[in-house]
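Hi,

Here's the structure I promised to pass on. Could you have a look at it alongside my notes below?

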Amino acid sequence: MPTESDTHYDPSLGNKFIFVTGGVMSGLGKGITAASTGRLLKNAGFDVTAVKIDPYLNVDAGTMNPYQHGEVYVLEDGGEVDLDLGNYERFLDIDMTSDHNITTGKTYQHVIEKERAGDYLGKTVQIIPHITDDIKRRIREAAEGTDVCLIEVGGTVGDIEGMPYLEALRQFAHEEPEENVLFTHVTLVPYSKNGEQKTKPTQHSVKEVRSIGLQPDVIVGRCEDRLEPKTKEKIALFCDIPTDAVFSNPDVEDVYHVPLMVEDEGLDQYVLEHFGLADEALPEGQRTNEWRDIVTTEKDGEIDIALVGKYDLEDAYMSIHESLKHAGFEVGSDVTVHWVAADELSEGHDGQLEGMDGIIVPGGFGMRGSEGKIRAVQYAREHDVPFLGLCLGFQMAVVEYARNVLGLEDAHSAEMEDDTPHPIIDILPEQYEVEDMGGTMRLGEHTTVIEPETLAYQLYGDTSCSERHRHRYEVNPEYFDQFEDEPLVFSGTAGNRMEILELEDHPFFFGTQFHPEYTSRPGQPSPPFLGLVEAILEQTDDGAEAESEPDDADTDAETEVTH
């Protein structure tokens with residue numbers, strides 16, 4: 001929170017709340033719009049946090065298929081949540097908790113447990129007030145200790161699943177002073193065939209919002225281009241808001257440029273004035289430009305990395321894509337990710353890996369694609385291609401080495417093959433009796449001890465690191481002794497658990513049982529990802545130098561012929 005000495009902010013003003021809803025269609029970018037707004041308010045000197053409301057009945061996102069919902073993002077406290085919380089952590093540079101993700105399953109479970117315990121003293125338990133009261137409680141508790149809280153309501157206005165949340169928001173606005181609440185509605189502004197920006201979808205969406213008892217204070221139009229002045233005027237007229245409360249969120253090259261676009265439109269200033277905080281904010285000349293400087297870094301090279309996974313969907317590996325961007329910002333290179341189907345590699349399609357500067361094998365679960373991932377690891381190891389293995393990718397690297405170097409034929413993970421003769425990877429001891437799937441893995445932040453004079457120590461610059469985990473299997477201790485004198489070493493451990501591996505005499509061969517992608521930020525790239533990118537650049541530079549240096553023998557031969 002800004003101190004009185006630099007912004008004259010009065011802490012007694014209390015929390016400000018920005019509710020973000022979406023209309024017309026899902027996937028418009030409500031989360032990025034909210035995160036961008038928060039980024040600008042943080043630049044202005046305020047403490048900002050966020051809450052993501054997911055109206056599904058799941059208690060959390062832990063058991064969801066990435067095809068349906070994108071990656072499962074893991075928080076510091078072990079919460080398995082929607083990927084939008086990853087965007088909030090990256091944009092706001094904060095660590096969030098499970099309390100910042102509200103789901104229908106979580107809310108109803110809590111209310112039902114209270115009813116079973118007799119806490120309602122015989123009252124009839126209903127959506128209103130018991131569910132809506134619990135939703136409001138969760139929002140206020142998550143916002144505690146910050147200046148501004150952004151609350152994104154997942155889904156689209158009009159969805160039956162979201163109705164209790166919108167009613168809770170209506171009550172919330174009734175209970176709070178008007179100057180403490182702002183409603184932002186994100187909607188689609190498509191083009192007609194003749195190139196006209198059409199406002200009718202926005203009009204109908206706002207009509208739906210107003211029928212629920214909510215009046216948007218700000219409308220953000222998602223369009224291929226900036227909204228034209230006449231488009232803004234039409235939206236303002238039919239949606240009953242000032243023209244200067246209509247903002248553009250056009251398509252951009254990178255989501256990290258969205259804060260710059262809405263800042264150019266004046267969204268942050270409008271929000272500050274609505275809240276009565278314009279005079280409390282840092283003067284524009286004193287606001288940090290660090291974000292702009294980072295995300296607009298000039299790039300003078302391009303790196304191609306193969307991501308060998310099961311899902312042909314960027315959202316399924318969102319944090320990995322973003323971590324590679326962060327590393328690219330740091331070194332001034334564009335990083336292009338090429339998806340390679342792991343199940344195709346198992347049939348011998350190594351040609352997809354040829355020409356790649358680096359290879360990443362990400363986390364995952366299940367048998368499908370495991371042989372392809374093992375083949376990708378082998379290709380990286382044998383062809384000196386910089387390699388990064390994450391969670392399952394770390395485990396498959398151990399299996400590959402056991403099979404092809406140690407000679408343990410048919411070695412595998414017990415997750416993939418129950419009857420493997422060499423279960424190099426086996427289930428965690430504390431998981432033997434676990435039957436439920438949700439929230440039962442080794443989750444959240446844990447400390448890894450790092451061996452000095454190793455690549456891991458070089459990357460992290462310390463003898464320990466704290467990273468987030470999400471796994472049920474690990475390296476089998478019964479096989480530790482077979483790796484003792486091998487070039488493949490476990491350079492990071494947590495008690496009897498192997499956490500980091502690396503391969504000596506290789507340009508970059510690094511694997512982690514944890515997920516370093518969850519803690520990467522613009523300006524603070526994850527050490528393993530930065531190490532991978534730097535190793536690729538070093539290898540590329542060495543190759544270029546080798547090509548440019550004349551061969552002595554060839555030079556002598558030319559001299560003899562010339563003379």
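Just after helix 4, D93 takes a positive phi of about 55 degrees, so that's a spot to look at in the backbone of this predicted model. If you want to click through them, the buried residues are D84, L85, G86, N87, Y88, E89, R90, F91 and L92.

What is the nearest side chain of opposite charge to E71, and how far away is it? It's R90, at 4.8 Å. A salt bridge here needs the nitrogen within 4 Å of the carboxyl oxygen, and E71 is buried with no salt bridge. The side chain of E71 does make a polar contact, though, with the side chain of S319 at 2.5 Å.

On to the charge pairs. The count comes to 37 salt bridges in the model, and I've picked out a few.

- D95 with R468: their closest N and O atoms are 3.1 Å apart. D95 lies in the loop between helix 4 and strand 5 (101–103) and R468 in strand 17 (residues 464–471), so the pair ties together parts that are 373 residues apart in sequence. D95 is partly exposed, with a relative accessible area of 45%, whereas R468 is buried at 1%.

- E115 with R116: here the closest N and O atoms are 2.7 Å apart. E115 counts as partly exposed at 29% relative accessibility, and R116 is exposed at 66%.

- E322 with K325: the closest N and O atoms are 3.3 Å apart. Both residues lie in helix 13 (residues 318–331), three residues apart, which is about one turn of the helix. E322 is buried, with a relative accessible area of 2%, while K325 is partly exposed at 22%. Elsewhere, salt bridges that share partners join R226, K232, E263, D264, E265 and R292 into one network.

Which residues gather in a patch of negative charge on the surface? They are E76, D77, D99 and E445. Of these, I checked where D77 sits: the loop between strand 3 (73–74) and strand 4 (80–81). At 45% relative accessibility, D77 counts as partly exposed.

T146 lies between helix 6 (127–143) and strand 6 (148–153). Is T146 buried or exposed? Its relative accessible area is 19%, and buried means under 20%, so T146 counts as buried. The side chain of T146 reaches back to the backbone oxygen of A143 at 2.6 Å, and A143 is the residue at which helix 6 ends.

Cheers

How values were computed:
Residues are numbered from 1 along each chain as its sequence is written. This is a predicted model: local features need pLDDT of at least 70, side-chain atom pairs count only at pLDDT 80 or more; totals for chains, interfaces and linings use all residues. Side-chain values use heavy atoms; hydrogens and water are left out. Patches are made of residues with over 30% relative accessible area and no salt bridge: like charges are joined within 9 Å, nonpolar side chains (Val, Leu, Ile, Met, Phe, Trp, Tyr) within 5 Å. Accessible areas come from the Shrake-Rupley method with a 1.4 Å probe; for residues, only the protein chains shown count as cover. Lys and Arg count as positive and Asp and Glu as negative; His and the chain ends are not counted. The place of a charge is taken as NZ of Lys, CZ of Arg, CG of Asp or CD of Glu. Helices (H or I, at least four residues) and strands (E, at least two) are DSSP runs, numbered from the N terminus. Buried means under 20% relative accessible area, exposed over 50%, partly exposed in between (1.4 Å probe, protein chains only). A polar contact is a pair of N or O atoms within 3.5 Å; within protein, one must be able to donate a hydrogen and the other to accept it, and residues adjacent in sequence count only if both atoms are side-chain atoms.
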